[in-house]
Amino acid sequence: MGNLVPQAGSTPAKTGDESRQYLTFTLGGEIFALGILNIKEIIEYGSLTEIPMMPGFIRGVINLRGAVVPVIDLVARFGGTPAAIGRRTCIVIVEMVQMSEGSETRQDIGVVVDCVNEVLEIPATDIEPPPAFGAKIRADFILGMGKVAGKFVIILNVDRVLSLEEMTFLADLGGSAPAAEPSAA
């Protein structure tokens, strides 16, 4: 598939009334979006190496040009059953940056999506706050609800959904709890 994301190295949009670019994708019939500044590339769904004793939302790892990249199933991360793999299924490579003791750590994480739709520009004025209730996923996973052509696009909070700290904690739990069960915290 190659890199479908334009301007990946562009400067971030300023807050206010300016538009921001989002990569939209389908997941379980819903349309979601991630800010393109976090996205490195989009690749075909390929062979994954499964890792024993990992939470159910971690599909495994892939070798991306010599680097080990964990692959997350977002449907399972949101508490559903793991996504079925289809012919349009792909992996979106997201670069996460974590600050630890004054130094910056970068980690690529793959995200399994049913299919990639397009890059959209959504003006800040067309983004509503996340709903307080009724969403199928945790409220802290939602950055906002973008209004596009009369429909809502769920804009994900990449720092919460792909929190390295939370995923490490869940991976450390290993098989001690059912993978799809949310924590009781």
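This is a predicted model: local features need pLDDT of at least 70, side-chain atom pairs count only at pLDDT 80 or more; totals for chains, interfaces and linings use all residues.
Which residues does Phe78 touch, not counting residues up to four places away in sequence? I started my notebook with that one. The list I got is Leu27, Phe32, Lys136, Ile137, Phe141, Leu156 and Val161.

**Entry: the core around Phe78**

I looked up the largest nonpolar core next and found 33 residues in it. Leu74, Phe78, Leu156 and Leu162 touch the most other members. I also asked which element gives the largest share of this core, and strand S6 (residues 90–100) came up, with four residues. A second, separate core has nine residues, among them Ile43, Ile62, Leu64 and Ile91. I jotted down a reminder here: nonpolar side chains tend to be buried together in soluble globular proteins.

**Entry: aromatic rings**

I searched the whole structure for aromatic pairs and got three. Phe25 and Phe32 make a stacked pair, with 6.1 Å centre to centre and 20° between the planes.

Ring pairs join Phe25, Phe32, Phe78 and Phe141 into a cluster.

One more ring to note is that of Phe57: the charged end of Arg77 sits over it, 5.1 Å from the ring centre.

**Entry: Asp73**

I placed Asp73 in strand S5 (residues 67–73). Why does Asp73 count as buried? Its relative accessibility is 0%, and the cut-off for buried is under 20%.

A polar contact of 2.8 Å joins the side chains of Asp73 and Arg59. The Asp73 side chain also reaches the backbone nitrogen of Val75, at 3.1 Å.

**Entry: Asp108**

I checked another aspartate, Asp108, and found it in strand S7 (residues 103–113). Asp108 is buried too, with a relative accessible area of 16%. Which side chain makes a polar contact with that of Asp108? I found Lys40, at 2.9 Å. Lys40 is also on the contact list of Asp108, along with Val69, Pro70, Ile93, Val94 and Glu95, with neighbours within four places in sequence left aside.

**Entry: whole chain**

I finished with the overall numbers. The protein chain has three helices and 11 strands. From the N terminus on, I read the order as β-β-β-β-β-α-β-β-β-β-β-β-α-α. Of the 185 residues, 38% are buried. I got an accessible surface of about 10500 Å², with 54% of it belonging to carbon and sulfur atoms.

How much of the contact set joins residues at least 24 apart, what percentage? Taking contacts between residues at least 6 apart in sequence, I noted 58%.

Conventions:
Residues are numbered from 1 along each chain as its sequence is written. Side-chain values use heavy atoms; hydrogens and water are left out. Helices (H or I, at least four residues) and strands (E, at least two) are DSSP runs, numbered from the N terminus. Buried means under 20% relative accessible area, exposed over 50%, partly exposed in between (1.4 Å probe, protein chains only). A polar contact is a pair of N or O atoms within 3.5 Å; within protein, one must be able to donate a hydrogen and the other to accept it, and residues adjacent in sequence count only if both atoms are side-chain atoms. Contact means heavy atoms within 4.5 Å. Accessible areas come from the Shrake-Rupley method with a 1.4 Å probe; for residues, only the protein chains shown count as cover. A nonpolar core is a set of buried Ala, Val, Leu, Ile, Met, Phe, Trp, Tyr and Cys residues joined through side-chain atoms within 4.5 Å. Rings of Phe, Tyr and Trp (its six-membered ring) pair if their centres lie within 6.5 Å; planes under 30 degrees apart count as stacked, over 60 as edge-to-face and the rest as tilted. A charge sits over a ring if NZ of Lys or CZ of Arg is within 6 Å of the ring centre and within 35 degrees of the ring normal.
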